[in-house]
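The sequence and structure come first.

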Amino acid sequence: MKKVLEVIKKVLIWVGTVFVAIFAVLFVKERDCRVEPDNDTTTEEINEKSEKKREEAIERISNADARSVCESYGSVCDAINDGKERFRRRCERTDN
């Protein structure tokens, strides 16, 4: 009977340890989620600013021509030139 009580005691200690660990993890997670911002900006102000920036970006994109946008990315120009060169080589082979 004494050994049975010792086994039950050990099992309860392990269950308690697991319960405390889970509780501690959940408590720390919940506490991290409640970090308050240091500055006084509100969500509404941030949304207004982002909406203005979004509208400005849409306006700039619609006013820009496609060639200048593509040329601003060097890899795009390289890919276009590589494609042209492959096409020229392919055409040379069919001319013979």
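## A positive patch

Arg86, Arg89, Arg90 and Arg93 form a positive surface patch. Patch residues have over 30% relative accessible area and no salt bridge, with like charges joined within 9 Å. Lys and Arg count as positive, Asp and Glu as negative; His and the chain ends are not counted. The place of an Arg charge is taken as CZ.

Arg89 belongs to helix α4 (residues 74–95). Arg89 is partly exposed, at 43% relative accessible area. Buried means under 20%, exposed over 50%, and partly exposed in between (1.4 Å probe, protein chains only).

## Basis of the model

This is a predicted model: local features need pLDDT of at least 70, side-chain atom pairs count only at pLDDT 80 or more, and totals for chains, interfaces and linings use all residues. Residues are numbered from 1 along each chain as its sequence is written, and side-chain values use heavy atoms, with hydrogens and water left out.

## Fold and surface

The protein chain has four helices and zero strands. Its pattern along the sequence is α-α-α-α. Helices (H or I, at least four residues) and strands (E, at least two) are DSSP runs, numbered from the N terminus.

Of the chain's 96 residues, 0% count as buried. The chain exposes about 9700 Å², and carbon and sulfur atoms supply 60% of that area. Areas come from the Shrake-Rupley method with a 1.4 Å probe.

## Helix α2

Helix α2 covers residues 43–63, 21 residues in total. At 1.5 Å a residue, α2 should span 30 Å, and its end C-alpha atoms are 30 Å apart, which agrees. The expected span is 1.5 Å times one less than the number of residues.

How many residues of α2 are buried? The number is zero, so α2 lies largely in the open.

## Two salt bridges

The whole structure holds two salt bridges. Each needs a side-chain nitrogen of Lys or Arg within 4 Å of a carboxyl oxygen of Asp or Glu. In one, Glu51 pairs with Arg54, the closest N and O atoms being 2.5 Å apart. These two are three residues apart in helix α2, about one helical turn. Glu51 is partly exposed at 34%, and Arg54 is partly exposed at 43%.

Glu85 and Arg88 also meet in a salt bridge, at 3.6 Å from N to O. They sit three residues apart in helix α4, again about one helical turn. Glu85 is partly exposed at 37%; Arg88 is partly exposed at 47%. An α-helix has 3.6 residues a turn, so residues three or four places apart point the same way.

Note on methods:
Patches are made of residues with over 30% relative accessible area and no salt bridge: like charges are joined within 9 Å, nonpolar side chains (Val, Leu, Ile, Met, Phe, Trp, Tyr) within 5 Å.
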